[in-house]
Amino acid sequence: MAQSDLLAQPAPAFSQTLRGPQVWYKNAGSAIDGIRINAISREVRNGRALLVKRRRLGSVPLARAANLFFRAARHPVFVWAETPAWQKWEVNSFNLLHANKYCAFPNGARTVCADILPGQSLAEHFVNGTVEWTMLDAAGSELRRAHQLHSPYFNGPWSHGDPNLANFLFSTQEQHARLIDFEVVHQRWMPAMARHVEDVLSFLQDLLGCAPEGTWLPSAQRFLEAYGCGPAMRDELRTRLLLPKGVPKVWWWIRTNYVPFRSIRRRLEELRETLE
C-alpha cells in the first residue's frame, strides 16, 4: 500500500484495559473534555455569514476549573475567565491572522462574531480518511507565519495556545490552512521560543493520536519540515518529547486521543531519534 493511501485511512480508535490510576486518568480526561465555556452557532446577518460565539452564563467557574487543571498538569496556558478580556483576545487574534480577507468583532457583552472561514478542519479530514500531505505542509507553514506576527499582548511574537488538528481549517480550493479558536492563551511571562515550542508540541500530540498506523513519523516530519524548525527548537523539542508522570500524564493522554501509554512512548522515541 502506498504511503499516501496509508495517510488517507480513517483515524484509529484506541482502547486499553484500565486499572488503578489509569481509571482516574480517563475520568479526569472526560471531565476536561466536557467543559464547554462558549456556545457556538452560525448566523446570517444582512447577508453576511458569521460564526457567533457566546460566553455561557456561569462560565467563570468552568474557566477557573480548567485553569486549576492546567496548573496541576504544569501546562503553561490559561482560559480567560473574564468575558471582556476573552472578547478582546479572540477578536484581536482573529484579525491579526485573517484581517486581509476576513474579520471578527465584539457584539454585546458576551459575544464575538467572525466571518466564516473556508475549509474543513484537519481533525475532520483525519476522521474521514481524506488527509493529504499538502494539508500538513499548509498547517506547518501557517503556524510558522502566525508565529512571526507581532502581538501587543505579549509585546513580541504571537502564539496560539492550542493549535490542535481541530483548530486548523484547510481550504482545498485555496490549498491554504487557517487557525481558529483563540480560547486558550499562553502565560504572558513565557519567552517566545517556549511558547512556540508548546504550540508545535500541541499539534504533534494531537497528530500522534490521529495518524493511522505507520504514518505517525512521516506525518510529524512533514509538519516540522513545513514549519521550519531550527536547531534551537529541535533541541528544545527533544527535551519535551518524553511522557511525564503524575497529573501531567493526564494531559498527554487527553491530547493524544487516549493512545495506550506504551504506544505514546514508542512514537515519541521514534521522533526524538530523527531530531538528533
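## Strand pairing

Two strands are taken to pair if DSSP finds at least two bridges between them. In this predicted model, strand 6 and strand 9 (residues 168–171) are joined by two bridges and run antiparallel. Within this pair, glutamine 120 stands opposite phenylalanine 170 of strand 9.

The pair belongs to an open sheet of three strands, ordered 6-9-10, with antiparallel pairing. Strand 6 (120–121) and strand 10 (176–179) are the edge strands, each of them pairing on one side only.

## Helix 6 on the sheet

Helix 6, spanning residues 133–147, packs on the sheet and touches both strand 9 and strand 10. The direction of helix 6 makes about 50° with that of strand 10.

## Helix 6 and helix 7

Helix 6 also packs with helix 7 (residues 192–210); the angle is about 160° and the axes lie 11 Å apart. Because angles over 145 degrees count as roughly antiparallel, helix 6 is roughly antiparallel to helix 7. Their crossing is right-handed.

On the helix 6 side, the contact is made by Leu136, Ala139, Leu143 and His147. Helix 7 contributes His196, Asp199, Val200, Phe203 and Leu207 to this contact.

## Cysteines and disulfides

A disulfide is a covalent bond between the sulfur atoms of two cysteines. A search of the whole structure finds zero disulfides.

Cysteine 113 counts as buried because its relative accessibility is 0%, and buried means under 20%. Cysteine 103, at 29% relative accessibility, counts as partly exposed.

Conventions:
Residues are numbered from 1 along each chain as its sequence is written. This is a predicted model: local features need pLDDT of at least 70, side-chain atom pairs count only at pLDDT 80 or more; totals for chains, interfaces and linings use all residues. Side-chain values use heavy atoms; hydrogens and water are left out. A disulfide is a pair of cysteine sulfur atoms within 2.5 Å. Buried means under 20% relative accessible area, exposed over 50%, partly exposed in between (1.4 Å probe, protein chains only). Helices (H or I, at least four residues) and strands (E, at least two) are DSSP runs, numbered from the N terminus. Contact means heavy atoms within 4.5 Å. Axes are lines fitted to C-alpha atoms, for helices over the stretch in contact, and angles run from 0 to 180 degrees between N-to-C directions. Angles under 35 degrees count as roughly parallel, over 145 as roughly antiparallel, 65 to 115 as roughly perpendicular and the rest as oblique. A crossing is left-handed if the near helix is turned anticlockwise from the far one by less than a right angle, and right-handed if clockwise.
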